[in-house]
Amino acid sequence: MDMLRRFLDGDVFYSFKRSPLTMVAAALTLASVVAALFAGWLAPHNPFDLKTLNLLDAFTPPAWVERGNPAYFLGTDDQGRDVLSTIMYGSRVSLMVGLCAVALAMVIGITLGLLSGYVGGRLDAFIMRVADVQLSFPAILIALLIDGVARVALPKDSHDALAIYVLIFSIAASGWVQYARTVRGSTLVERNKEYVQAARVIGRHPAAIMFSHVLPNVLGPVLVIATLHIGSAIITEATLSFLGVGVPPTQPSLGTLIRIGNDFLFSGEWWITVFPGAWLVIMVLSMNVLGDWLRDALNPKLR
Amino acid sequence: MFAFVLTRIAQGVVVMLVVGFIAFSLFNFVGDPVALMLPPEATQADRQAMREALGLDRPFTVQFANFVTNAVQGNFGISLRLGRPVSALLVERLPATLELAFVAASLALLVGIPLGVYTGLKRNAWSSRLLLTASLIGVSLPTFLIGIFLILIFAVWLGWLPSFGRGDTVALGAWTTGFLSPTGLKALILPSITLGLFQLTLIMRLVRSEMLEVLRTDYIKFARARGLTNRAVHFGHALRNTLVPVITITGLQLGSIIAFAIVTETVFQWPGMGLLFIQAIQFADIPVMAAYLCLIGLIFVLINLVVDLLYYFVDPRLRIERAGAEGH
């Protein structure tokens with residue numbers, strides 16, 4: 001209770017109250033996360049329960065358009081699945097892949113950054129060289145290449161089961177560099193401070209010094225990068241799924257839904273692709289606005 | 001200077017060798033090439049003969065050296081999906097991608113720089129704020145969605161522009177161009193806007209922030225004190241000094257234009273290299289994947305090399321710093 005009181009009186013919450021745009025973004029982020037997490041309870045239909053699907057309902061337009069059916073508020077797709085429900089289930093996959101990819105990228109980046117900054121020498125030169133080279137290629141290309149190579153390399157029958165993990169890994173592998181660079185920079189500063197020297201003198205293991213002493217002190221900027229990274233990870237996932245190399249069609253994400261809907265754009269069934277697309281943009285945009293605000297609010301130079 | 005260029009080139013060669021090694025591993029460790037090329041009823045002797053004909057019985061290093069020699073000569077074998085030499089396929093698709101990338105990059109520069117100057121000079125006008133907000137949304141929109149929305153509006157609803165393909169192309173020797181026919185030009189509009197929009201917003205924001213920075217400096221104040229016209233100050237002094245980072249970023253962005261061309265080409269069914277690559281991934285067409293990998297690696301290494309050198313020549317401060325660092 002005391003902590004809540006302190007938070008509500010603090011600077012961060014004050015700057016939050018002052019910015020209506022941030023509040024809207026926070027509300028939208030919260031709404032999309034809740035809709036995704038509780039899709040099983042909140043969605044009006046279960047789009048993956050084949051028993052309840054009726055092909056006669058296929059291509060129903062949104063409720064407010066002529067021929068629309070109030071039971072399917074945003075219309076239905078080619079298999080008679082409710083678009084609103086597929087969006088909610090789909091955003092769950094998108095969100096899960098995005099969050100896992102950012103978490104994995106953080107783990108890889110922080111570990112390599114700590115090693116690079118604390119150990120130094122040849123290891124540092126090698127890791128940073130690899131980071132430089134990788135940074136000169138766009139993230140989407142790296143993710144696409146890893147994903148493509150893994151697809152060819154893995155046995156055919158385990159494709160669908162492994163696709164999500166491959167996807168998470170490829171997005172994470174394309175995004176670790178930022179974390180590694182930031183952590184390395186702050187580690188170089190922290191390495192020479194007294195508490196690290198003291199820990200070294202009493203004979204703690206280097207790994208223990210890195211992870212339990214240095215890490216907590218370099219984590220701040222990393223968390224800010226991570227909040228801004230989630231949006232771009234979700235977009236990368238959607239792009240890969242749209243290109244048909246992302247999640248398997250049995251577990252569609254927002255990108256897969258847009259890909260499916262894209263086939264019906266010309267026959268006039270615009271809602272199958274427009275609503276998942278709009279949902280994706282709103283989700284990512286509000287997360288980015290929130291991340292931007294957090295970065296500014298936590299930056300003491302801007303106060 | 002010479003040493004700098006040499007290390008840069010050496011680095012590029014190392015990157016190319018790594019890329020080549022990945023492509024080579026694709027060929028040899030992913031699936032058995034002999035099994036792919038022979039019919040299932042082939043005998044053991046056939047397999048052995050094939051193995052020797054392909055040089056697969058030789059040591060690993062010799063095989064890799066052979067692969068590199070072939071790759072340098074542009075020989076990547078035959079596409080499994082289309083049954084034609086990969087190099088011919090790539091040469092055929094290259095003009096489509098390059099023309100698209102060229103138009104998109106020109107669009108980004110020709111619209112992005114003036115908008116950046118405008119928003120930098122009139123920073124408080126409502127039109128500038130509108131442009132900045134719009135650019136923020138532009139950055140958050142994924143490329144494929146921009147393409148889909150443009151198709152929906154201009155091709156499906158309004159019916160003004162074509163939504164897929166290159167239109168009629170004119171062959172100039174081996175190069176097919178869409179610039180010389182009306183349908184080819186029309187077909188370029190939507191894909192190039194889709195591909196260029198992100199770079200456009202990026203360049204606009206970059207020029208704006210550089211302009212704001214430069215306009216605060218002393219030499220701008222002196223230029224004004226000398227009684228130069230606004231026009232001379234803004235374009236002769238301010239804009240010229242913002243162009244160094246713009247050149248670098250644009251150069252580096254050329255690479256990401258080519259990468260995002262994969263997405264744009266898929267949305268618009270544009271017959272370029274990116275579409276070829278995506279289809280190769282979906283069909284596990286290894287020779288095409290390997291060749292594309294090497295080609296894109298080469299393009300990126302070259303772009304980075306040229307940008308590094310340009311930067312070095314354009315900004316004298318960098319030269320002094322490096323000379324100082326090497327003196328230690």
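Modeller: Two residues are in contact if their C-beta atoms, placed from the backbone, lie within 7 Å. The model discussed here is predicted.

Biologist: Among contacts in chain B between residues at least 6 apart in sequence, what percentage join residues at least 24 apart?

Modeller: Chain B has 13 helices and two strands. Of its 328 residues, 36% are buried. For contacts in chain B between residues at least 6 apart in sequence, the share joining residues at least 24 apart is 69%.

Biologist: Which helix gives the most to the side of chain B that touches chain A?

Modeller: In chain B, 29 residues are in contact with 31 residues of chain A. Helices of chain B that each supply at least two residues to this side include H1 (2–29), H6 (126–140), H10 (230–268) and H12 (286–314). With seven residues, the one that gives the most is H10(B).

Biologist: How many charged residues are on the side of chain B that touches chain A?

Modeller: Lys, Arg, Asp and Glu count as charged. By class, the side of chain B that touches chain A has 23 nonpolar and six polar residues, and the number of charged residues is none.

Biologist: Is the crossing of H11(A) and H12(A) left-handed or right-handed?

Modeller: The axes of H11 (residues 206–242) and H12 (residues 254–262) of chain A come within 7 Å and cross at roughly 35°. Among the residues making the contact are A:Glu237 and A:Phe242 of H11(A), and A:Leu254 and A:Arg259 of H12(A). By class, the residues of this contact are five nonpolar, four polar and two charged. The crossing of H11(A) and H12(A) is right-handed.

How values were computed. Residues numbered from 1 in each chain as written. Chains lettered and ligands numbered in written order. Predicted model: local features only at pLDDT ≥ 70, side-chain atom pairs only at ≥ 80, totals over all residues. Helix = DSSP H or I, 4+ residues; strand = E, 2+ residues; numbered from the N terminus. Buried ≥ 20, exposed ≤ 12 C-beta atoms within 10 Å, placed from the backbone. Axes fitted to C-alpha atoms, helices over the stretch in contact; angles between N-to-C directions. Left-handed = near helix turned anticlockwise from the far one by under 90°.
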